Amino acid sequence: MRKRGKTDTNQIEIVQALRSAGAHVAITSNLGGGFPDLVVMYTDRVLLMEVKSKCGRLTEEEQVFYNEWSAGMVVVYSVEEALDAIGRLA
């Protein structure tokens, strides 16, 4: 089991875009253990967000977490997908 996660290269721009759109973002990518990279609150609703690079895949631990939390979690590959995800919360 990997102790700490790694940060995908697109995470910084996704976080900036989410914050610019009015979302509160907690960066949790360093937690590892399958926990998603971001905890995002928008319009008083919380969404867990796993950030992946263009060709990235979920690790085994991430897939287990996603299977258990899929109703409140999304996997995003771009700024557009992240903004679309919070847009569905409104």
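Two strands pair if DSSP finds at least two bridges between them, and the strands themselves (E, at least two residues), like the helices (H or I, at least four), are DSSP runs numbered from the N terminus. By this criterion, S3 and strand S4 (residues 73-76) pair in the parallel sense over 4 bridges, and within this pairing Met 49 has Val 74 in S4 as its bridge partner.

The model described here is predicted, and local features need pLDDT of at least 70, side-chain atom pairs count only at pLDDT 80 or more, while totals for chains, interfaces and linings use all residues. Residues are numbered from 1 along each chain as its sequence is written, and side-chain values use heavy atoms, with hydrogens and water left out.

On its other pairing, S3 is joined to strand S2 (residues 38-42) by 5 bridges, and here the two strands run antiparallel. Val 39 stands opposite Leu 48 in S3, while Tyr 42 has Arg 45 in S3 as its bridge partner. Strands of a sheet pair through backbone hydrogen bonds, either parallel or antiparallel. In the whole open sheet, 4 strands follow the order S1-S2-S3-S4, and the pairing is mixed. Its edge strands are strand S1 (24-27) and S4, each of which pairs on one side only. Neighbouring strands of this sheet are turned by 25° against each other on average, direction ignored. As for strand S3 (residues 45-51), 5 of its 7 residues are buried, so S3 is largely enclosed by the rest of the structure; buried means under 20% relative accessible area, exposed over 50%, and partly exposed in between, with a 1.4 Å probe and protein chains only.

The turn of the hairpin deserves a separate look. S2 and S3 form this hairpin with 2 residues between them. Most residues other than glycine have a negative phi. Thr 43, in the loop between S2 and S3, has a positive phi of about 50° although it is not a glycine, and at 43% relative accessibility Thr 43 counts as partly exposed. Asp 44, which lies in the loop between S2 and S3, likewise has a positive phi, of about 60°, although it is not a glycine, and with a relative accessible area of 71% Asp 44 is exposed.

Within helix H2 is Glu 62, which is buried, with a relative accessible area of 6%.

Helix H1 (residues 11-20) and helix H3 (residues 79-87) pack at an angle of about 35°, with their axes 9 Å apart. The crossing of H1 and H3 is right-handed, that is, the near helix is turned clockwise from the far one by less than a right angle. From H1, Glu 13, Ile 14, Ala 17 and Leu 18 meet Val 79, Ala 82, Leu 83 and Ile 86 in H3. By class, this contact has 7 nonpolar, no polar and 1 charged residues, counting Ala, Val, Leu, Ile, Met, Phe, Trp, Tyr, Cys and Pro as nonpolar, Asp, Glu, Lys and Arg as charged, and the others, Gly among them, as polar.

Leu 18 is buried, with a relative accessible area of 0%, and, leaving aside its neighbours within four places in sequence, Leu 18 is in contact with Ala 23, Val 25, Leu 38, Val 40, Met 49, Ala 82, Leu 83 and Ile 86. The C-alpha atoms of Leu 18 and Asp 44, 26 residues apart along the chain, are separated by 14 Å.

Definitions and conventions
Axes fitted to C-alpha atoms, helices over the stretch in contact; angles between N-to-C directions. Contact = heavy atoms within 4.5 Å.
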